[in-house]
Amino acid sequence: MSPQKTILILLRSCPYGMATAAEGYRVIIGLAGMGLRIHAVLLEDGVLVALKGQNPSGLGMHELSQVFAKLTEFGADLYVHTPSVTERGLSEAGFIDSNLIDDEELKDLITSADHVITFN
Amino acid sequence: MDNLYLVTRSTFERTAWRLALRLAQSGDTICFIQDAVLAVKGPLELRDKMAELESKGVDLRFLAEDLNARSLNASREKTVDYEGLVELIEKASRIIT
Amino acid sequence: MLRTGPYTSQNADTVYNIAKRLLSKGHSIRIYLYEDGVCNVVKQIKSPQERNIRDMMAELVASGVEIKACGTCAKFRGIRKTDIIEGTNLAGMAVLARFARDCDRFLSFGF
């Protein structure tokens with residue numbers, strides 16, 4: 001069997017307006033469940049996925065921050081890109097538990113990945 | 001070459017190009033395809049940064065077929081056709097869209 | 001991985017054009033159709049006086065490209081396994097994982 005590959009998943013879209021965050025989640029847990037090493041990074045508008053207090057009941061959709069909060073249970077690591085948080089006038093204080101990374105740490109994650117899959 | 005960034009959406013309408021500019025390092029290539037070939041026209045902020053990136057050793061390329069389709073032009077040395085794009089894909093360690 | 005459908009964005013055409021050149025250089029190619037991407041292989045696509053994306057995908061299959069479409073995405077769009085072109089199949093994350101594990105380069109096309 002070939003050595004385990006590392007896949008970096010970049011999630012760049014707001015929850016709810018596009019299916020991107022939800023579909024990205026399915027790929028994250030799907031690939032992690034198949035034994036691939038997954039680093040999932042929320043960046044740009046994707047950082048809103050990590051914001052606590054979401055209530056999409058008025059949209060008839062499932063809440064996403066709580067499912068992303070459980071990614072570690074599937075063996076995937078979750079990262080939030082702090083420059084994207086600051087640019088949007090948000091604060092990490094209101095976010096689910098995750099690893100906070102800056103541009104340099106994101107570059108390192110890219111360099112350490114075999115493949116990068118973007119959900120934009 | 002290390003990373004190949006492929007930017008697909010209009011550089012005026014969408015900000016996806018900012019990620020490529022933010023992360024690209026010496027040895028990387030940013031290739032503008034589809035509507036992103038509008039990058040030859042700007043916005044101004046992007047055009048300023050392009051010169052900066054090139055001085056850092058980041059290569060910038062524009063896909064000829066997408067330029068031609070939109071009646072846009074880039075300098076010859078910065079233009080690649082699909083054959084050239086495929087060579088960039090072959091050479092890259094990873095591709096980031 | 002192709003996440004967008006036919007005739008809405010240029011992505012399917014870009015994938016086709018890249019795949020053709022890669023094939024001519026002897027590379028092997030696998031395409032996973034995700035979200036609206038599954039619509040690119042629907043048999044019933046008709047495109048009078050226009051390029052036919054289904055035929056372009058079928059041409060890739062005939063050239064040895066392995067194309068799989070996400071089964072869950074198909075279900076959510078009312079597409080059954082009998083609705084997609086011959087040589088393609090519905091498949092889940094295990095197949096995407098295999099593609100990611102086996103390939104040298106991974107390209108993703110979305111929005």
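Buried area is the accessible area that two parts lose on being put together, summed over both. Keep that in mind as we look at this structure, which is a predicted model.

**Where chains A and B meet**

Between them, chain A and chain B bury about 1300 Å², and 49% of that is on carbon and sulfur atoms. Three residues stand out on the chain A side: Arg12(A), Lys107(A) and Ile110(A) supply 36% of the area that chain A buries against chain B, more than any other three residues. In terms of contacts, 17 residues of chain A touch 13 residues of chain B.

There's polar pairing here too, with 8 residue pairs in polar contact between the two chains. Which parts of chain A give two or more residues to this side? They are helix H3 (82-87), helix H4 (103-112) and strand E5 (115-119) of chain A. H4(A) gives the most, with 5 residues. Sort the residues on this side of chain A by type and you get 7 nonpolar, 4 polar and 6 charged.

Now look across at chain B. Helix H1 (residues 16-23) of chain B has these buried residues: Trp17(B), Leu19(B), Ala20(B), Leu21(B) and Leu23(B). They pack against parts of both chains: strand E1 (6-11) and H4 of chain A, plus strand E1 (3-7), strand E2 (29-32) and helix H2 (44-56) of chain B.

**Salt bridges**

Over all chains, the count comes to 26 salt bridges, and 2 salt bridges cross the interface of chain A and chain B.

| Pair | N to O distance |
|---|---|
| Arg22(B) and Glu87(A) | 2.9 Å |
| Arg26(A) and Glu23(A) | 3.0 Å |
| Arg51(C) and Asp13(C) | 2.4 Å |
| Asp55(C) and Arg54(C) | 3.1 Å |

Arg26(A) and Glu23(A) both lie in helix H1 (residues 20-33) of chain A, 3 residues apart, about one turn of the helix. Why does that spacing matter? An α-helix has 3.6 residues a turn, so residues three or four places apart point the same way. Arg26(A) is partly exposed at 24% relative accessible area, while Glu23(A) is buried at 12%.

In chain C, Arg51(C) sits in the loop between strand E1 (30-33) and helix H2 (53-62), and Asp13(C) is in helix H1 (residues 11-24), so this pair ties together parts that are 38 residues apart in sequence. Arg51(C) is partly exposed, with a relative accessible area of 32%, whereas Asp13(C) counts as buried at 9%.

How values were computed:
Residues numbered from 1 in each chain as written. Chains lettered and ligands numbered in written order. Predicted model: local features only at pLDDT ≥ 70, side-chain atom pairs only at ≥ 80, totals over all residues. Heavy atoms only, no water. Contact = heavy atoms within 4.5 Å. Buried area = accessible area lost by both parts, 1.4 Å probe. Salt bridge = Lys/Arg side-chain N within 4 Å of Asp/Glu carboxyl O. Polar contact = N/O pair within 3.5 Å; in protein donor to acceptor, adjacent residues only side chain to side chain. Helix = DSSP H or I, 4+ residues; strand = E, 2+ residues; numbered from the N terminus. Nonpolar A, V, L, I, M, F, W, Y, C, P; charged D, E, K, R; others polar. Buried < 20%, exposed > 50% of the residue type's maximum accessible area, 1.4 Å probe, protein only.
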